[in-house]
Amino acid sequence: MATPVMDKVEAAAAASPYITATFRIRRFNPEISDESTWEDFQVEIDPKERVLDALHKIKWELDGSLTFRRSCAHGICGSDAMRINGKNRLACKTLIKDINPEKPITVEAIKGLTVLKDLVVDMEPFFQAYRDVMPFLVTEGNEPTRERLQSPEDRERFDDTTKCILCAACTSSCPVFWNDGQYFGPAAIVNAHRFIFDSRDEAGEQRLEILNDRDGVWRCRTTFNCTDACPRGIEVTKAIQEVKRALITRRF
Ligand code: SF4
Ligand code: FES
């Protein structure tokens, strides 16, 4: 017969939110092997926690060599984009309960960029493409004596593309980028869009010419992978289409 103490333990266990989830992580360490390998980790975790929490548990409690990037842990810095169950997501914004913890959860580095170790890729080509589109306000003439004013309607034209956090989820989900890393990629075009359609900026033509390049916007095949991947909900494909249209009409 169960004792009152046992009843309490069993009730507590029944009420426990914790589950054991399997995280199947693609490991890569160039100092050990040229090949990546999958490794499973069993993690006791509340399904309401995030994949980033599970990665922390693995690193802090099971294997300190697991390597990944993160900073803010709240969807702002863009440093923890990774492929989770085959889809680009931010680990800090992905709840375990939303990705079927009944089955092993796969976690691997984003595609199209060189993997340096485990989940860390070389972001330099991504940031070079970003720098190439001049992601800053360009104006000529004298500095105004007061702030540069803009109507709400003009601000609205590029509101969506101001939300980019440079996580690379879009660019690294693009099949054109996978096949040829020379393509500027969706994120660079999104950030060019942010300034091309800014009424205060005077370098729109220059940016359009940069994107008229062989590796520019015309490489986009409108697969919408980028829009699906964006954790900020930016309509990435629409922004690319608007840049294409501006190139044809020269009106922006
Ligand atoms: S457009 Fe979205 S997916 Fe692409 S880098 Fe910016 S925030 Fe990330
Ligand atoms: S850790 Fe900053 S966006 Fe996820």
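User: Which exposed residues does H3 carry on the face turned away from its buried side?

Analyst: In this predicted model, that face carries Glu124, Gln128 and Arg131.

User: Which residues of helix H3 are buried?

Analyst: Phe126, Ala129 and Tyr130 are buried in H3, which spans residues 124-132. The term needs 20 or more other C-beta atoms within 10 Å.

User: Why are the buried residues said to line one face of the helix?

Analyst: Look down the axis of H3. The buried residues fall within an arc of 100 degrees, so they line one face.

User: What do the buried residues of H3 pack against?

Analyst: They pack against H6. Helix H6, residues 186-196, also gives the most to the shell around ligand 1, with three residues.

User: What makes the shell around ligand 1, by class?

Analyst: The shell has 14 nonpolar residues, one polar and one charged. Cys counts as nonpolar, and so does Ala. Of the 16 residues, Cys164, Cys167, Cys170, Ala187 and Cys230 come nearest.

User: How do you know which residues belong to domain 1 and domain 2?

Analyst: The domain assignment of the protein chain gives 15-121 for domain 1 and 124-140 + 151-249 for domain 2. The contact takes 13 residues from domain 1 and 14 residues from domain 2. Strand S4, residues 87-90, provides the largest share of the domain 1 side, three residues.

Terms used
Residues are numbered from 1 along each chain as its sequence is written. Chains are lettered from A and ligands numbered from 1 in the order in which they are written. This is a predicted model: local features need pLDDT of at least 70, side-chain atom pairs count only at pLDDT 80 or more; totals for chains, interfaces and linings use all residues. A residue is near a molecule or strand if its C-beta atom, placed from the backbone, lies within 6 Å of it. Helices (H or I, at least four residues) and strands (E, at least two) are DSSP runs, numbered from the N terminus. A residue is buried if 20 or more other C-beta atoms lie within 10 Å of its own, exposed if 12 or fewer, and partly exposed in between; C-beta atoms are placed from the backbone. The arc is that of the directions from the helix axis to the C-beta atoms. Two residues are in contact if their C-beta atoms, placed from the backbone, lie within 7 Å. Domain bounds come from an automatic or database domain assignment.
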